[in-house]
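Here are a few notes to read alongside the structure. Have it open and follow the points in order.

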Amino acid sequence: MDRFLFLTLDGLSRGAVYAAFALALVLIWRAGRIVNFAQGAMAVAAAYVAYSVTAVTGSYWLGFGAALLAGLLLGAVVDVAVMRLVDHRSPLNPVIVALGLVLLIQAILGMVYGNEYLPARTPFSRTALTVGGTAVLSPYDLFVFATVGVVGAALVWVFTRTAIGLRMRAAAFAPEVSRLLGVNVGGMLTLGWALASGVGALAGMLVIPTELGLHPHAMDLVFVSAFTAAVLGGLDSPPGAVVGGLGVGLLLSYVSGYAGGDLIPLAVLALLLTVLLLRPGGLFAPVAARRV
Amino acid sequence: MSATRAATPPTRHAAVDPVRPGRSLPTLVRHLAVATGVALLVLTVSYQLDSFRNYQLATVAAYLCATAGLTVLTGLCGQLSLGHGALMATGAYSLALAQNAFAERGLTAGGWLAVSLVVAVLATVVVGAVVGVAAARLRGPYLAGLTLAVAVVVPALTVTFDGVFNGEQGLAVPVAPAPAALGSYFPHERWQLWVAAAASLICLVLLANLVRSRYGRSFRAVRDDEVAARLAGIHVARTQVVAFVVSAASAGLGGALLAVLAQSVSPGAFGLTLSLFLLMAVVIGGLGRIAGAAWGAILLVALPDLTHSLTNLFTLSPAAAQRLEGNLPLAIFGSTLIAVMIVAPGGVQGLLSRLARAMRARWPVGRS
């Protein structure tokens, strides 16, 4: 029972990160009908920026801030310099271009930092605190929950309570009408990319220390897990992404706890296949089903 | 022009095909004639080139199977697959297991290699059918996501089931030397080139015929408009599964040939990067054209070689040189892929076709 509790809490902590990363995917999907396959590579790039800044200044938090800034900036640059130029009539094109970005970003990171695992620091201890003899959460897990919670709340606030958030939603929902009403649709799209990429960078910063460390390919499996989470929740639904992320985190935690960590990749693939075949619209699909 | 429609209609494309000997010949005869010509060319060239170039050419032949298969799937049937690296891994590991099983039973004669290649193709067909059935129900980013998951997960399975696949170490592939009838000083690389080129040519002839057959037309109909295809009596899902299985079989053959060439298999060679390389190769070559797949395969082998010579021009510390050499091809591939998608969605072969059309419009020779 102790073990089950520990695995559940660990899974929720892992899931919170997947939820954040899935949210980033959902943000871009809602804004531009693109699944950003370069999200993982972009997040790793931001984490490398954090690594450099921390190495120079010695402060984790300066690195953390730098990663978020780099994430925001990278998202905006990718949209303006690449994605906007792509012909979007075929859904294949943005996907292929995003994969080209993956190759390019990973190659640049490999050239600058090398293809070895670099150690990634955490701001808090990852040793679990014990409550009444039972190992529960570590301070780092609490930090993860708090960060993801704050980001989620901030996103909700931006999209429901602020003028710019409403403009972004309008631009995504009805681009032509919004343009007629004076909304800078292209700018809103760029802002959406920047926001999503910033959230992705945050998720990368949170997840990389819990895995093997910093590596150009560090987010490959995380991306697949988060994509699974986003599909599980329905690509269109931010609350779905959060629930999907927590669900995937729990499942992977149980699989690695009871069946062995080696089986995690297989479990992700099996889950994605099951969801896509049984309920491709996701658990939270809106009534009008999207054809997948 | 969008990627799925980047391929010009086959009739126009065929009309500018320079190697086509005559219009009246049946497709099969024409393709066999071209294949024989290429085979003779390879045979001649294999005696002119040194061992290393022979080996590189053999690698091109192996990649060509995979890129041709992928271009049929993505370019003609409109299904994106990021999982072809994993399918190549399936073929390579199946071949390794089959060759090892034969070797354990003392069956080391060269002929068993053909059996192992068939086993590898069949194993990949089974895997391809499973993925293909799922893929036929998915579109766009969903399909890309699923096949991406396949590409990331399958190499990891070799570690999960390391009892069979021997983890990161991989398996050795025992391959018989060149037949004694060719003489005792026959270079092994030349023999490898012959084997790879023969297998690859058979694969290409079959694919080229398929593309011109009823199935090929169904592929294109499904790609261009699924509803119209269904109204025309085409079973869309079945067509997509067939396309995926055919494509998987080619990728499996390509992977198996790579295993034969390297005489070993390990998961590191079949990671996500390989899948992305294959996609890049077919996009840069020109989606939906088998000639484009050839350009892509050549690029896959030539570019790392070029960057190697390029990095040798600079005096760098060994560590920096290694970093640059390992990653520069990826950077070039990635940026080329982005540039091609934005500037010239038809790829190299599309540019060549346009050039040839422009030339013929200016100097109409022997056509009217």
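1. One term before we start: a crossing is left-handed if the near helix is turned anticlockwise from the far one by less than a right angle, and right-handed if clockwise. With that in hand, look at α2(B) and α8(B): their crossing is right-handed.

2. Stay with that pair for a moment. Helix α2 (residues 27–48) of chain B packs against helix α8 (residues 188–212) of chain B at an angle of about 165°, and the axes are 10 Å apart. Angles over 145 degrees count as roughly antiparallel, so that is what α2(B) and α8(B) are to each other.

3. Who does the touching? On the α2(B) side, the contact includes Leu28(B), Ala35(B) and Val42(B); on the α8(B) side, Leu193(B), Trp194(B) and Leu201(B) are among the residues involved. The residues of this contact split into 12 nonpolar, 4 polar and 2 charged.

4. Now the partner chain. In the model, 41 residues of chain B are in contact with 45 residues of chain A. On the chain B side, α6(B) gives the largest share, 15 residues. By type, that side of chain B has 29 nonpolar, 9 polar and 3 charged residues.

5. Keep in mind that this is a predicted model. It scores ipTM 0.85 and pTM 0.85. Chain B averages a pLDDT of 84, with 92% of the residues at 70 or above.

6. Residues 1–22 of chain B have pLDDT below 50.

Conventions:
Residues are numbered from 1 along each chain as its sequence is written. Chains are lettered from A and ligands numbered from 1 in the order in which they are written. This is a predicted model: local features need pLDDT of at least 70, side-chain atom pairs count only at pLDDT 80 or more; totals for chains, interfaces and linings use all residues. pLDDT is the predictor's confidence in each residue, from 0 to 100. Two residues are in contact if their C-beta atoms, placed from the backbone, lie within 7 Å. Helices (H or I, at least four residues) and strands (E, at least two) are DSSP runs, numbered from the N terminus. Ala, Val, Leu, Ile, Met, Phe, Trp, Tyr, Cys and Pro count as nonpolar, Asp, Glu, Lys and Arg as charged, and the others, Gly among them, as polar. Axes are lines fitted to C-alpha atoms, for helices over the stretch in contact, and angles run from 0 to 180 degrees between N-to-C directions. Angles under 35 degrees count as roughly parallel, over 145 as roughly antiparallel, 65 to 115 as roughly perpendicular and the rest as oblique.
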